[in-house]
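The sequence and structure are shown first, and the packing is then discussed.

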Amino acid sequence: MNGFRDFIEEVRSRTNIVELIGVDLALKPSGSTLKACSPFNPETDPSFVVWPGTQTWRDFSNGSGRGGDVFAYVQERDKVGFKEALFHLAGRAQVKRPAQSDDDFRRELELLVEKREVLELLTRAANYYHKILPSKIREESYRRHYGFTDNTIDELKLGWADGHLFEALCETTDRERALKTGLFVELAGGCVEDFFKSRLVFPYWKNGTVVYFIARATEYTGDEEWEKSKYKKLITQSDRHPYVSQAVANDHFYNEEGARGADELLITEGVTDCISAMQAGVACISPVTTRFRKQDVAKLLQLTKYTKRVVVCNDSEASGAGEAGARETAAALFAEGRDVRVAVIPRPAGADKIDVNELVATQGADALRVVMAQAKSYPDHLLSAIAADTDREELDRLLEPIFELLIDCRVIKADAVLTAVERKFHIKRSVLNARMKELKSRRREPWPVAGSLPQIRVDGKQLHEIVADARRVLLRSNEQRIKAPESELAPLFVRDGRVVRLQRPSKGAPILSDVGDTVMYGYLLRMADWVRLTIEGMFPVSPPKDVARDLIAHPPPGIPQVEAVITTPMFGRDGRLIAEPGLHETDRLWLEADASLHVGAISDSPRPEEIDAAKRLLVEDLLVDFPFVSDADRAHALAALLLPFVRRMIDGCTPLHIVEAPTVGSGKGLFCNLVSLVVSGRPCDSRTLPEDDNEIRKAITAELAMARPIVLFDNAKENWTLSSAPFASALTALSWTDRILGRTEMITLPNAAMWMLTGNNIRLSKDLARRSVRIRIDPKRDRAWRRTGFKHDPLMSWAVANRDELVHAALILVRAWISAGRQTTQDRLGSFEQWAAIMGGLLKAAGVVGFLGNLEELYADADVDGEAWREFTLLWWEHHAAAEMRVADLVDFCEKHDLMLQVRGDGSVRSQQSRLGRALQGGRDRMFGDLQLVVLNQDRKTRTQYALRRQAADPAHATVAPPIEVDPWS
């Protein structure tokens, strides 16, 4: 016995299913099968069926449809697992067990047990989907649209995914086992969603067990990007879904059992086509796609080994895609000597497409049999598309694919096709033989191997060995690209576990873009000569696509980590100036050289006159004509300009820079473009801020994915309060995790950008206000865009011409702060403590005042509700001090002094009392200045009363001035 699988097969071979089940049931012959009443469900008509030929059983009682082999019967009968059933039958058949201490035995046993568990859960899922199938879906979709009978629907257990399968499975199994099935997507935070939600579900049955699923979208399916595909197949294990079992594999055809013992086998394109053929009494299988994958051809050949005739009938469509797939399938079968025919469904006038399902549903089963009877042998099908009077030159071109096919097929088949060509086109056999000989010699011609590229051989190797070779070559070639970044292929990097490449758009700043299968395949083509060695020489081959996929899924450790691309010298985490073009691994940056920028030398300890000159250039030239409302607005403007130069020195997040004005044309966009020009050499790439949170989330993901230093949302909508949970979350998140558009895969991106938002009199929610600093510009005139008399006009042109000096000035101010010891200030902004300390210290070193001086105005504008409460409680204290008040008394008090109008509303007195009472309960223990709202809950006989309590400062800390903590809602 060689291994565990041999042990299983010996147990299976020594166990006769008829004898095993016959001990428990009185089996009676019924054609080629045996029947009995179900041992698992009470019934009077026998619906338990045994197939002696295949050694399988199935129980149709009570609509269960369970079944399987001898092991499955013992599992179901004795309510045990596969391991126990195996050992029970081994003892019965007197087969000696292998030593369980053997590692291979234990590992194979664990995998097989897991596979049995997964298939059992898939079968339970199919039963659930079928059981909850709504009558409306059954009637509209399965019966009316597809033409399936109730018997077909029930026998195949066609179903509907209502989105509650996870709860149903978890009633009898645990979360981990349920996730292993591939029927669910695990989202961030542990939330689980049904992968097939609101879709028609088609189970793949094999030996009475479900081995796979496919599901079709309906009018009820969601409109999200990841739901746009018409069909979804069961999830298999990958880096995106590591929780799925290895036992879940996309290596099954639909209705594989249909090929057993069939003299004539139909192959259709779609799952509903296959079901329609089965319903019409035609043996049929389907790959549920246009063509079979290369790795599935061997299985197809095995299934059709004893089939007398195979008919391939794909969709008949104007695009020709279905027929092309049919030809490819037929070619593989023909090359192995199968009698294969290609059937073409006549397309009705004006129709772009018709398939087997539509043919049977509209014209009946006989119409399908007619189409199959008219199917042409594969060579005749190919030749029928070529007119007999085609000119010789065109004929040679059209016949070449047919000749190429004949090179690989059996001689007797090739001879039959050549004879057909000879007769139809009147070409001498000697000419055809010469043409075949020429094509064979061309195929054997060795490929001249270039010496400039390394070779990777693909013959005689496991895939992991080919991947290892590709990794080594990829790393060497990537090192060369990093040293010479102007090569044809851009350098590759890894950003948060994903392979990215440096992309240089013709317009705009360089960005990092994700590398997909196609891009990686292009790298593989260009970095090595891929060859296959035969006894006749060395021949070229294409790189295996699985290698490209593996390199993306498992990036080689030697690929450098890069988080962002910069185009201007900046300071790194350790305060060192990053000025050399290329890779800076410590800071995970790539500096893309800007040939037009000449910053000059930056002294280690700038002199006072250098610092003063730098400050005057930025404040009195670049920003001088912006009418900032206050010193704080001007300080924040300079802080925004300097932030990208020190962003790597700040551990943590940075706030949103609100650039606002009372009217259009005030210079908001100009200011943002100037900041971007200094930082990156080009105006800011901006987009408008969406109104929907879901769209805001997508916009944030798209911006961070490009790794630009500045993210600008332009022109916030007027007359509405900006409130967005995703936006607020992004501003305080060191990394941002979101779903990739169009996929179920999650992506995590570093958040090191500077955030800016422009608008007129922007109104913010409290959550966003506490995450923002304001830069307000007010020209104090109508039609502000018509102002004249600027110091530099046009300012953008002046900034472009003087960018060298502007960047030099920014670097001087930062270097001066660093050389002075990087002193920080006690200024604080909740969630952005280090940003406040560093930027405050940097501005203080430059002699700029006003930093964080306008936050109270920003908060007051945002906290309209809070201001109303402060007015109310202050007046309440002045009139009643700490006295306990009933809500009726407070309503009268508010009415008298015109307070809390929005809270009370304009309804009846009782309505106002109810609304104010709820608001007071919601404000329990809240502080308004030094006044605390206290709710005094009495018993049922005494009404609830309210009071204010003044909280004195803690005398223990009265002599120490605490840091300014500007975060009223944290």
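Leaving aside neighbours within four places in sequence, which residues is W755 in contact with? The model is a predicted one. In it, W755 contacts T654, P655, L656, H657, I700, L704, V711, F713, F727, A730 and L731, with neighbours within four places in sequence left out.

**Nonpolar cores**

W755 belongs to the largest nonpolar core, which has 137 residues. The residues with the most contacts inside this core are L622, F671, F727, W755, W835 and M839. Helix α29 (residues 803-819) gives the most to the core, contributing eleven residues. Apart from this core lies another, of 69 residues, which includes W160, F196, V244 and A367.

**Crossing of α23 and α30**

Helix α23 (residues 631-646) and helix α30 (residues 833-845) have axes that come within 10 Å and cross at roughly 110°. Because of this angle, α23 counts as roughly perpendicular to α30. On the α23 side the contact is made by A635, L638, A639, L642, L643 and V646, and on the α30 side by W835, M839, L842 and L843. By class, the contact comprises ten nonpolar residues, with no polar and no charged ones.

A614 is placed in helix α22 (residues 608-622). Its relative accessibility is 4%, so A614 counts as buried, the cut-off being under 20%. Beyond residues up to four places away in sequence, A614 touches A809, I812 and L813. A614 and V807 are 193 residues apart in sequence, yet their C-alpha atoms are 9.5 Å apart in space.

**Helices with one buried face**

An α-helix has 3.6 residues a turn, so residues three or four places apart point the same way.

| Helix | Residues | Buried residues |
|---|---|---|
| α13 | 356-363 | V356, N357, L359 and V360 |
| α21 | 545-553 | V547, A548, L551 and I552 |

Viewed down the axis of α21, the buried residues fall within an arc of 135°, and they therefore line one face of the helix. For α13, the buried residues V356, N357, L359 and V360 fall within an arc of 165° when seen down the axis, so they too line one face of that helix. The elements covering the buried residues of α13 include the helices α6 (135-145), α10 (271-279) and α14 (365-373), together with the strands β12 (264-268), β14 (309-313) and β17 (353-354).

How values were computed: Residues numbered from 1 in each chain as written. Predicted model: local features only at pLDDT ≥ 70, side-chain atom pairs only at ≥ 80, totals over all residues. Heavy atoms only, no water. Buried < 20%, exposed > 50% of the residue type's maximum accessible area, 1.4 Å probe, protein only. Helix = DSSP H or I, 4+ residues; strand = E, 2+ residues; numbered from the N terminus. Arc of directions from axis to C-beta. Axes fitted to C-alpha atoms, helices over the stretch in contact; angles between N-to-C directions. Parallel < 35°, antiparallel > 145°, perpendicular 65-115°, else oblique. Contact = heavy atoms within 4.5 Å. Nonpolar A, V, L, I, M, F, W, Y, C, P; charged D, E, K, R; others polar. Core = buried A, V, L, I, M, F, W, Y, C linked by side-chain atoms within 4.5 Å.
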